[in-house]
Amino acid sequence: MALPTVDEIVTALDQKRQSDSDEAIGRFSKEFGMERLVPSLAAAFPRIRNWRGRNQILFCLPRFARKLPEVVDVALQGIRDPAYMVRMQACGI
């Protein structure tokens, strides 16, 4: 099973309703495993306009911060985010 493209991730997570992005990340995680998705999530992060999608990505990544350097790169982007919740998640990483 092929991983979702970055465009598919952006479309799925760039939602106005939190429940829609929650459902999308849960589906991706269940189908592909979160660790396999980290590079694609990192590439999608700056392209997601809605803060909820960016926050959702950062919420899922802390457990991989010591293993995958992309996670720290995304967290550094998140620290400069205009949305408070995104910055808070980034600081947690």
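The legends below describe close-up views of a predicted model.

Because the model is predicted, local features need pLDDT of at least 70 and side-chain atom pairs count only at pLDDT 80 or more, whereas totals for chains, interfaces and linings use all residues. Residues are numbered from 1 along each chain as its sequence is written, and side-chain values use heavy atoms, with hydrogens and water left out.

**View 1. The largest nonpolar core and the residue L13.**
A nonpolar core is a set of buried Ala, Val, Leu, Ile, Met, Phe, Trp, Tyr and Cys residues joined through side-chain atoms within 4.5 Å, where buried means under 20% relative accessible area, exposed means over 50%, and partly exposed lies in between (1.4 Å probe, protein chains only). The largest such core has 28 residues, of which L13, M34, L41, I57, L61, F64 and V71 touch the most other members. Two or more residues each are given to this core by helix 1 (6-13), helix 2 (18-32), helix 3, helix 4 (51-60), helix 5 (69-79) and helix 6, and helix 3 supplies the largest share, six residues. Helices here are DSSP runs (H or I, at least four residues), numbered from the N terminus. With residues up to four places away in sequence not counted, L13 touches S21, A24, I25, L41, I48, G53, Q56 and I57, contact being defined as heavy atoms within 4.5 Å. In soluble globular proteins, nonpolar side chains tend to be buried together.

**View 2. Helix 4 and its surroundings.**
Seven of the ten residues of helix 4 are buried, so this helix is largely enclosed by the rest of the structure. The buried residues are G53, R54, N55, Q56, I57, L58 and C60, and they pack against helix 1, helix 2, helix 3, helix 5 and helix 6.

**View 3. S40 in helix 3.**
S40 lies in helix 3, which spans residues 34-44, and its relative accessible area of 13% makes S40 buried. Apart from neighbours within four places in sequence, the residues in contact with S40 are P4, V6 and I9.

V86, Q89 and A90 are buried in helix 6. Seen down the axis of helix 6, the buried residues fall within an arc of 100°, so they line one face of the helix; the arc is that of the directions from the helix axis to the C-beta atoms. These buried residues pack against helix 4 and helix 5, whereas Y84, C91 and G92, on the other side of helix 6, are exposed.

**View 4. A nonpolar surface patch.**
W51, Y84, M85 and M88 make a nonpolar surface patch of about 380 Å², to which helix 6 (residues 84-92) gives the most, with three residues.

**View 5. Salt bridges.**
A search of the whole structure finds six salt bridges, each defined as a side-chain nitrogen of Lys or Arg within 4 Å of a carboxyl oxygen of Asp or Glu. Among them is the pair D20 and R17, whose side chains meet at 3.0 Å, N to O; D20 is partly exposed at 27% relative accessibility, while R17 is exposed at 53%. In another, R27 is paired with E23, the closest N and O atoms being 3.3 Å apart, and because R27 and E23 are four residues apart in helix 2, about one helical turn separates them. A further salt bridge joins E35 and K67, with 3.4 Å between the closest N and O atoms. E35 lies in helix 3 and K67 in the loop between helix 4 and helix 5, so the pair ties together parts that are 32 residues apart in sequence. E35 is partly exposed at 36% relative accessibility, whereas K67 is exposed at 54%.

**View 6. I79 in helix 5.**
I79 lies in helix 5 and is partly exposed, with a relative accessible area of 40%. Leaving out neighbours within four places in sequence, I79 is in contact with R87, A90 and C91. The C-alpha atoms of I79 and G53, which are 26 residues apart along the chain, are separated by 15 Å.

How values were computed. Patches are made of residues with over 30% relative accessible area and no salt bridge: like charges are joined within 9 Å, nonpolar side chains (Val, Leu, Ile, Met, Phe, Trp, Tyr) within 5 Å. Accessible areas come from the Shrake-Rupley method with a 1.4 Å probe; for residues, only the protein chains shown count as cover.
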